[in-house]
Amino acid sequence: MERLNRREVEQIMGIYPPFRIKDMTMNLENEVLEIQIEEMVNKSRGLFSATKQRTQKVRWHHIKTGRFDTIIEMQASHQTFSKHRTLNPPAFIGPEHSKYTYQLQQTVLLAASKQLSSDTIHSLTGIDRTLVSQIISDNQTEQQESQVQSQLPLQTDPIWRGIIKHEISFKTNLPSLKFLLSRLELSCFNSKDDASVMQDSVATLRQFFIKNRSQLKSEYAQIGVIEAKPVAANEQANAQAGHNKKVTLTVDHPIWHSILSGEVDLLSKNTGLSLYIAQLKNLYRKNDISQDERFQISKELLSYLKKNMAKLKPELLSISKMVRQLNEQNNDLELPESDHSIWGDIIQGKVFIESGQMALKLLLVKARTTEDDNEAREMIQQYFVRNLRSLNNEIKQIEQHLAMAS
């Protein structure tokens, strides 16, 4: 390869300092071009300059150079995959544990975004079919993980605090999660529920859920996150049509109770809306408030949103997304109507529902002292409707009793 000018090849391939070509090897028989790159690292003149830096050998498939398959090889240093470098990585290198460069990945994914098949991409670019399929598969996996993380409740969601303090029903068979919950609960108890300690515990628990997603399918379901399954093309089209369907909200929709009771947070950047919701929450949470008064508060919030639609588009989109999730949960979990005998049996104690929800236990006590049986049954049924996400375990128990009775 002495006849090739390495500096000119660097310009053709877009290789720039601190990287440079160290050596090149061309296999004419197999039509493979191997390029060895080295990273020029500033050598320290300090006391520990003699200490040898740890390196690792990495190899990536790159886009073809003419008819030659291109392989890039280098001894990666501690700086190669540093956070600063990976924020804006060179196109001619790839992720640490990947087999392809960023430029090859971008080429394949751009073609795939145009609805081209793996065979078509191979025919047009000459990239190996197996490699094309792997890049597309890796990207789909990454998108699914990103989607699940985006659906995971934020740190501000009270569900994390409820899990740590056993205020909601939550079960797990994973020993490491059981140990973590015990440690976090003890830490919060010893700190007498110090806000900073609780927030740190919530962040730790949420990070555990992110890192161990594959082992926590049932736990994810208990907090309202259901991993999407691959769907056929016609099902995907129907789902897209449903997604684009306009969401119409009424004053009696459960979403207003979720917002005003603090079960969900809009995380609005609009100061006016945040202050207005804070005022409404204080009124809504009063113990002596009636259902009619709560209805009126929900009506005022809905009216405010309608009057300020132009300024509150992000918040309205967030509400629409939550409403779709609630509707999907309602479709999956069809609760009996309020006049069903199951609610009366629960109130009278004929059907026992194991629950760690203190709010539900108090509501049952209130329902038992209510003279109107219809009102009592509706009170319990509506509580379940509004709290589908946090009452997943209790709803399963109801379904089991209904199945046994049928």
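Reader: What does E31 count as, going by its relative accessibility?

Author: The general idea is a scale with two cut-offs: a residue is buried under 20% relative accessible area, exposed over 50%, and partly exposed in between, with a 1.4 Å probe and protein chains only. E31 has a relative accessibility of 30% and therefore counts as partly exposed. Before we go on, please keep in mind that this is a predicted model, in which local features need pLDDT of at least 70 and side-chain atom pairs count only at pLDDT 80 or more, while totals for chains, interfaces and linings use all residues. Residues are numbered from 1 along each chain as its sequence is written, and side-chain values use heavy atoms, leaving out hydrogens and water.

Reader: Where is the place of E31?

Author: Here we need the elements, which are DSSP runs numbered from the N terminus, namely helices (H or I, at least four residues) and strands (E, at least two). E31 belongs to the loop between β1 and β2, and these two strands form a hairpin with four residues between them. The phi of E31 is near 55 degrees, which is a positive value in a residue other than glycine.

Reader: Which other residue has a positive phi although it is not a glycine?

Author: Q115 is such a case, with a phi of about 65 degrees, and it sits in the loop between α3 (102-113) and α4 (118-125). Q115 counts as exposed because its relative accessibility is 70%.

Reader: With which side chain does that of E31 meet in a salt bridge?

Author: Side chains of opposite charge can pair when their charged atoms come close. The rule used here asks for a side-chain nitrogen of Lys or Arg within 4 Å of a carboxyl oxygen of Asp or Glu. E31 and R67 meet in this way, at 3.0 Å from N to O. E31 lies in the loop between β1 and β2, whereas R67 lies in the loop between β3 (56-65) and β4, so the pair ties together parts that are 36 residues apart in sequence. Elsewhere, salt bridges that share partners join E34, K57, R59 and E73 into one network.

Reader: How many salt bridges does the count come to by this rule?

Author: The count comes to 10 salt bridges. One of them links E38 with R20, whose closest N and O atoms are 2.6 Å apart. This pair connects distant parts of the chain, with E38 in strand β2 and R20 in strand β1, 18 residues apart. Both ends are partly exposed, E38 with a relative accessible area of 25% and R20 with 36%.

A further salt bridge joins D23 and R6, with 3.7 Å between the closest N and O atoms. Because D23 lies in strand β1 and R6 in helix α1, the pair ties together parts that are 17 residues apart in sequence.

Reader: How many bridges join strand β1 to β2?

Author: Two strands pair if DSSP finds at least two bridges between them. Strand β1 (residues 19-27) and β2 are joined by eight bridges and run antiparallel, and in this pairing D23 stands opposite Q36. Strand β2 is also joined to strand β4 (residues 68-76), this time by six bridges and in a parallel arrangement, where L33 stands opposite T70.

Reader: Which peptide bond is cis?

Author: The bond from P17 to P18 is cis, with omega near 10 degrees, and P18 lies in the loop between α1 (6-13) and β1.

Reader: How far apart are G224 and L388 in sequence and in space?

Author: They are 164 residues apart in sequence, yet 8.5 Å apart in space, C-alpha to C-alpha. G224 is found in the loop between α9 (217-222) and α10 (233-244), and with 28% relative accessibility it counts as partly exposed.
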